[in-house]
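Dear colleague,

My notes on what was found in it follow directly after.

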Amino acid sequence: MMSLDDLETPIVLVDLDRVEANLQRAQDYADAHKLPLRPHIKTHKLPRFAKRQIELGAVGITCQKLGEAEVMADAGITDIFLPYNIIGASKLARLKALHERIAISVTADSSYVVDGLARTFTDPNHKLRVLVECDTGMGRCGVQTPWAAVELAQQIAAAPGLHFAGLMTYPAAGKVAENEEFLEKAKAALEAQGLAPDVISNGGTPDLWHAHDVGAASEHRPGTYIYLDRFQVAKGVGTLDDCALTVLATVVSRPTENRAIIDAGSKALTSDTLGMDGFGYIVGYPDARIVGLSEEHGTIDLSGSDKKPAIGERLRIIPNHACVVSNLFDNVTLISGDEVVETVPVAARGRVD
């Protein structure tokens with residue numbers, strides 16, 4: 001069997017044993033709290049892992065873009081949530097084609113989006129499920145008040161080919177109480193209008209272990225939990241030893257005593273810092289800092305590290321944000337311990353449409 005020493009770098013390694021442990025831990029938590037999971041596949045983009053998540057008990061999956069959903073549908077997954085405003089005739093046509101094949105639901109946060117959906121989906125016998133996206137503190141998409149959620153829900157319910165399915169949010173990390181307050185108010189306001197939501201979909205990995213504290217939610221959509229990363233470790237979701245995805249890189253230069261250069265730059269490691277110092281954690285060199293990324297080079301500051309890697313040495317790097325790294329590579333290499341199991345294509349990579 002091939003070993004890590006046989007691999008060319010830079011390359012993404014995914015530890016299957018850690019993946020399985022992360023998936024099982026989250027599913028056990030969800031089962032204990034009777035909170036269905038609908039995992040987001042944007043982190044791994046691999047049908048094999050999406051299917052494994054469903055095998056373990058997930059009610060379906062979440063995809064961020066139509067292209068991702070099409071890949072997953074082609075792989076045989078039949079229950080997909082697409083929490084994104086679908087705008088434009090060509091994309092609406094693609095959504096309609098998916099709707100004919102599988103159970104798919106979407107979100108909207110404005111009358112403009114609902115109008116487009118209503119023009120496209122007109123069959124009262126095969127309605128498209130539409131959730132209202134709510135901004136519960138993230139400051140991205142979403143209606144701004146519970147009362148605005150009610151108004152949009154009424155517009156959805158009035159369209160012959162649409163079904164108002166509920167509420168969706170992607171909350172800001174650490175704002176569990178604010179999220180719960182918004183959703184409870186919106187739920188009560190909807191029920192008062194005879195529009196009880198089928199689903200209230202909450203999301204995110206940073207507050208995964210507090211998902212049960214959002215009592216209004218009827219499902220949770222974690223994504224990064226499958227791999228974890230340096231940011232999720234900082235948020236307390238897991239430990240460095242739980243991180244399943246690493247970038248294997250080689251030291252190609254040591255120009256000075258306190259500077260090392262690796263063959264993994266911005267094309268291999270995300271430039272996201274997410275408020276942290278540096279661009280990743282180097283396994284075995286906790287005091288070394290990745291301080292700069294150009295396209296093909298990563299610069300490591302060794303001034304605070306007693307240990308200093310040699311030219312030719314291979315380093316395992318836990319990225320700040322695993323989801324971005326998945327999208328940078330055509331393939332990932334699955335490993336168990338130090339043994340290579342298989343190299344697989346990242347099927348939904350680059351599907352930003």
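Phe-49 is part of helix α2, which spans residues 47–55. With a relative accessible area of 4%, Phe-49 is buried, because the limit for that term is under 20%. Val-233 stands 184 residues from Phe-49 along the chain, and the C-alpha atoms of the two are separated by 21 Å. Please bear in mind that this is a predicted model.

Turning to charged side chains, the structure contains 21 salt bridges. One of them joins Glu-70 to Arg-94, with 2.9 Å between the closest N and O atoms. Glu-70 belongs to helix α3 (residues 66–74) and Arg-94 to helix α4 (residues 89–101), so this pair ties together parts that are 24 residues apart in sequence. Glu-70 is buried, at a relative accessible area of 16%, whereas Arg-94 is partly exposed, at 22%. Both residues also take part in a network of salt bridges that links Glu-70, Arg-94, Arg-351 and Asp-353.

A further salt bridge is formed by Glu-257 and Arg-254, whose closest N and O atoms are 3.9 Å apart. That distance qualifies because the cut-off for a salt bridge is 4 Å. Here Glu-257 is exposed, with 51% relative accessibility, while Arg-254 is partly exposed, with 22%.

Arg-349 and Asp-330 likewise meet through their side chains in a salt bridge, at 3.3 Å from N to O. Arg-349 lies in the segment after β16 (339–345), and Asp-330 in the loop between α9 (322–326) and β15 (331–336), so the pair ties together parts 19 residues apart in sequence. The relative accessible area of Arg-349 is 32%, which makes this residue partly exposed.

The surface also carries a patch of negative charge, where Asp-5, Asp-6, Asp-338 and Glu-339 gather. Asp-5 is located in the segment before β1 (11–15). Its relative accessible area of 64% places Asp-5 among the exposed residues, because exposed means over 50%.

Finally, there is one annotation to report. An unreviewed UniProt entry places the feature "domain: D-serine dehydratase-like" at residues 244–336. In the model, the chain over residues 244–336 is 41% strand and 5% helix. The end C-alpha atoms of this stretch are 10 Å apart.

With kind regards

Terms used:
Residues numbered from 1 in each chain as written. Predicted model: local features only at pLDDT ≥ 70, side-chain atom pairs only at ≥ 80, totals over all residues. Heavy atoms only, no water. UniProt positions renumbered as here; feature names shortened; annotations may be inferred. Helix = DSSP H or I, 4+ residues; strand = E, 2+ residues; numbered from the N terminus. Patch = residues over 30% accessible without salt bridge, like charges linked within 9 Å, V, L, I, M, F, W, Y side chains within 5 Å. Areas by Shrake-Rupley, 256 points an atom, 1.4 Å probe, with all protein chains shown as cover. Lys, Arg positive; Asp, Glu negative; His and termini not counted. Charge placed at Lys NZ, Arg CZ, Asp CG, Glu CD. Buried < 20%, exposed > 50% of the residue type's maximum accessible area, 1.4 Å probe, protein only.
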